[in-house]
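Here's a quick briefing to read alongside the model. Keep the viewer open as you go.

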Amino acid sequence: MAKKERKVWFITRPERDPKYHYDALVALEKATNGFTKKWEGNRVMHLAYERALIDEGIKRNNVSRDGSGGRTWVAMLKTFSYVYTDEDGYLQVTRVGEALLREDNLRKNTSKQILTLQIPNGYFLSSGFRPKFEEGFEIHPARFLIRLANQSSLDFYITKEEITFFAMKAKKNSDLDAVTREIIEFRNASPEEQQDMKKDIAAEYDHRERSDKGARDFESAHNDVAHTFMLLCEYTELVEYIRGKYIRVPSEMRENTTKEINEYNQRYPFSQRYLISLERFSEHAGLDISRYKSSPFGKISPATNQAKAEMRVRKLLAEYPAPGSMSKEKIKTILMDYFSARESEKYAELLTEEDFSSLNEDFVEGFLNQQDDYLFEEKCAEVLRAIGFDVDLRPKPVAIGERTEIELLVHLDDDNVCILDAKNYRPKFPLSANLASHMASEYIPIYYGYQGKKVHSFGYVTATDKWSGEGNLNKITEKVKKQTTFENTNIQGALISANALLGFLDYCLDNELPIEERKQWFMALFANKGYTSVFQMLKSKP
C-alpha cells in the first residue's frame with residue numbers, strides 16, 4: 001500500500017493566534033528550567049510543559065495522560081523555528097526565540113517568522129512530523145496568500161473557501177498566476193459548476209470519493225488550517241481579516257503591502273538548508289531580524305530592473321558557496337564570462353557594497369547532490385576557500401616522478417598543510433584497509449615537505465553521511481609513526497561528510513566567526529573522528 005502524503009498545506013495549531021507564540025515560549029523555558037532538561041522521549045517534561053501552559057493562561061485546564069499536548073505546542077514552536085531538537089534530544093532556542101524571550105521587537109520578529117515560514121522546513125522534514133508533504137513543495141504559504149489577495153484581478157480579496165480549495169494546493173511561489181485563474185473561473189461559475197469543481201479537488205487532493213460528502217469533508221478537514229493562515233497573515237498587518245469570511249487588502253494598505261512583500265522576496269528567498277541538516281535549517285530560519293543577512297542577489301533586479309540579468313548572475317555564481325565574501329575583482333572576473341566589463345563591474349559593485357557574507361542557496365543542492373567526481377572535488381575546494389583557507393586542487397607531489405595525486409591540499413598556516421581525499425561515493429563510503437594503507441604509505445609521505453610545510457593532518461570528505469572503517473583513521477596515524485621520517489609525529493585524521501563541511505561554513509558565516517577562529521576550529525577537528533553534522537563539530541570547538 002502506497003504511503004499517504006500531504007498534498008495540501010498544513011500547520012500545527014494548538015493555538016491559532018500568533019500573538020501567543022511568545023507566551024508558549026516563556027512557558028517552555030520555565031518547564032525545561034531554561035532548556036536544560038532533555039526533551040526527546042521525556043514524558044515528564046512534556047507533562048510539565050502542559051502544566052506551565054496552563055499556568056500562563058494559554059491552555060485549558062486539562063493535562064493529557066501522556067504529554068501529547070505539550071508535544072503539540074512544541075511542534076508549533078518548531079514549525080516557526082523558535083526552537084529545534086538537537087542530536088542529543090535537547091531543545092535549542094534559536095536567535096529569534098531568544099529575541100522573543102527578551103521581548104525584543106516581539107511583533108516584528110514574530111511577523112518575520114510568519115512571512116519566512118516555508119514548506120518544507122526543518123520541522124516538516126523531521127521524523128516527528130507525519131504524514132510528510134509530497135515531493136515538489138517549495139512555497140512560503142503566508143507570503144503566497146498575501147500576494148494572492150493583493151491583486152486587482154481578484155478585487156483585492158480571497159475567501160476562506162477559495163484558500164481552502166485553491167490556494168492551499170499550490171506547491172510553489174510561482175503558482176500564483178495559475179491559482180488566480182482558477183479562483184476567477186470559480187467566481188464566474190454557476191453554483192452547480194462550483195460544486196463540481198470542489199468535488200474534483202476533494203477527490204484529487206484528499207483521496208476521497210467524488211461526491212457532495214467528499215467536498216464537504218475536504219472543506220471541514222482543511223478550512224481550520226485556512227483560518228489559521230488567515231490569522232497569521234492578519235498578524236503581519238499586510239492584510240485585513242474579516243472573521244470567517246475573507247482576507248483583503250484595503251486601498252490604503254496596497255502600496256505598503258506590495259513594498260513589504262517585495263522586500264521579503266529579495267531578503268528571504270526559499271531556503272534549501274534542510275539539505276545540509278535540519279538543525280542548520282532551523283538555526284538559520286531562526287535568526288532574528290537584526291541578525292539575518294540578505295541575499296546579495298536581491299540588489300540586482302530592483303537596482304537595474306533586469307530580472308534576466310539577476311538569473312544569469314546567479315547561474316554564474318552558483319558554483320561558489322559564499323560570493324558575498326569574495327572580492328569585487330574576483331566576482332567581476334567570473335561575471336565577465338558572460339557580461340561586458342562594464343556590466344560585470346556594475347553587478348560586482350552591487351554584490352559587494354554591503355555585507356552579504358551568507359551561504360549561497362544556489363550552491364547547496366548542486367554541491368550536496370553532485371554526481372560528477374571532478375565537480376564534487378572542485379566544490380569541496382570552494383567551500384574550504386570560503387572558510388578562509390588557501391587550497392591547492394590536485395597538487396603535484398613533492399617526490400619527483402610520483403604520479404599519485406591527492407584531491408585537496410589545504411594550507412592551514414605558514415608551516416602546515418592538511419591533505420583531503422574527496423570521495424563522491426553513495427550510498428556509503430567504506431574506508432577500507434587498502435585506502436587507509438594508501439593514505440599512510442603514499443599520500444602523507446609524498447606531500448610531506450610540500451612548499452616547505454609539514455603534513456599536519458589528513459582526512460576524507462564524503463558525499464554521504466554513512467560510512468564504515470572509521471577505526472582505520474587511528475591505524476593510519478599509527479602506521480605513519482612507524483616510518484622513520486615520522487617517528488615523533490602524531491598526524492591525525494577525520495571523516496567529514498559534505499553536509500557537515502557545508503554546515504561548518506554556514507555556521508561560521510551566520511555567527512560571523514573571524515577567519516583565524518574558523519581555522520583553529522577546523523584544525524581541531526582532526527582527532528581520528530568522523531563528523532556527519534556541524535552539531536558534532538561544535539563539540540570540538542576550542
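This is a predicted model: local features need pLDDT of at least 70, side-chain atom pairs count only at pLDDT 80 or more; totals for chains, interfaces and linings use all residues.

Residues are numbered from 1 along each chain as its sequence is written, and side-chain values use heavy atoms, with hydrogens and water left out. Helices (H or I, at least four residues) and strands (E, at least two) are DSSP runs, numbered from the N terminus. Buried means under 20% relative accessible area, exposed over 50%, and partly exposed in between (1.4 Å probe, protein chains only).

**The largest pocket**

- A pocket here is an open set of points on a 1 Å grid over the protein atoms alone, where a 1.4 Å probe fits, with protein on both sides within 12 Å along at least five of seven lines; lining residues have an atom within 4 Å of a point.
- The largest pocket comes in at about 590 Å³, a volume being the space filled by probe spheres set on the points, which are joined across faces, edges and corners.
- There are 23 lining residues, and E40, K78, T85, S126 and G128 are the closest to the centre.
- Helix 3 (68–79), strand 1 (83–85) and helix 12 (278–285) each supply at least two lining residues, with the largest share, 6 residues, coming from helix 3.
- By type, the lining divides into 7 nonpolar, 11 polar and 5 charged residues (Ala, Val, Leu, Ile, Met, Phe, Trp, Tyr, Cys and Pro count as nonpolar, Asp, Glu, Lys and Arg as charged, and the others, Gly among them, as polar).

- The expected span of a helix is 1.5 Å times one less than its number of residues.
- Helix 16 (residues 341–352) has 12 residues and should span 16 Å, which agrees with the 16 Å between its end C-alpha atoms.
- S344, Y347, A348, L350 and L351 are buried in helix 16.
- Those buried residues of helix 16 fall within an arc of 160 degrees seen down the axis, so they line one face; the arc is that of the directions from the helix axis to the C-beta atoms.
- M197, K198, K199, I201, A202 and Y205 are the buried residues of helix 9.

**Aromatic pairs**

- The whole structure holds 30 aromatic pairs (Phe, Tyr and Trp rings, the last by its six-membered ring, with centres within 6.5 Å; planes under 30 degrees apart count as stacked, over 60 as edge-to-face and the rest as tilted).
- Y123 and F129 pair edge-to-face, at 5.5 Å centre to centre and 65 degrees between the planes, and both are buried.
- F504 and W521 make a tilted pair, with 4.4 Å between centres and 40 degrees between the planes.
- One aromatic cluster is formed by F10, Y123, F124, F129, F133 and F137.

- Most residues other than glycine have a negative phi, and most peptide bonds are trans.
- The I119 to P120 peptide bond is cis, and so is the one from R426 to P427.
- F35 has a positive phi, near 65 degrees, and counts as buried at 11% relative accessibility.
- D155 also has a positive phi, near 55 degrees, but is exposed, with a relative accessible area of 53%.
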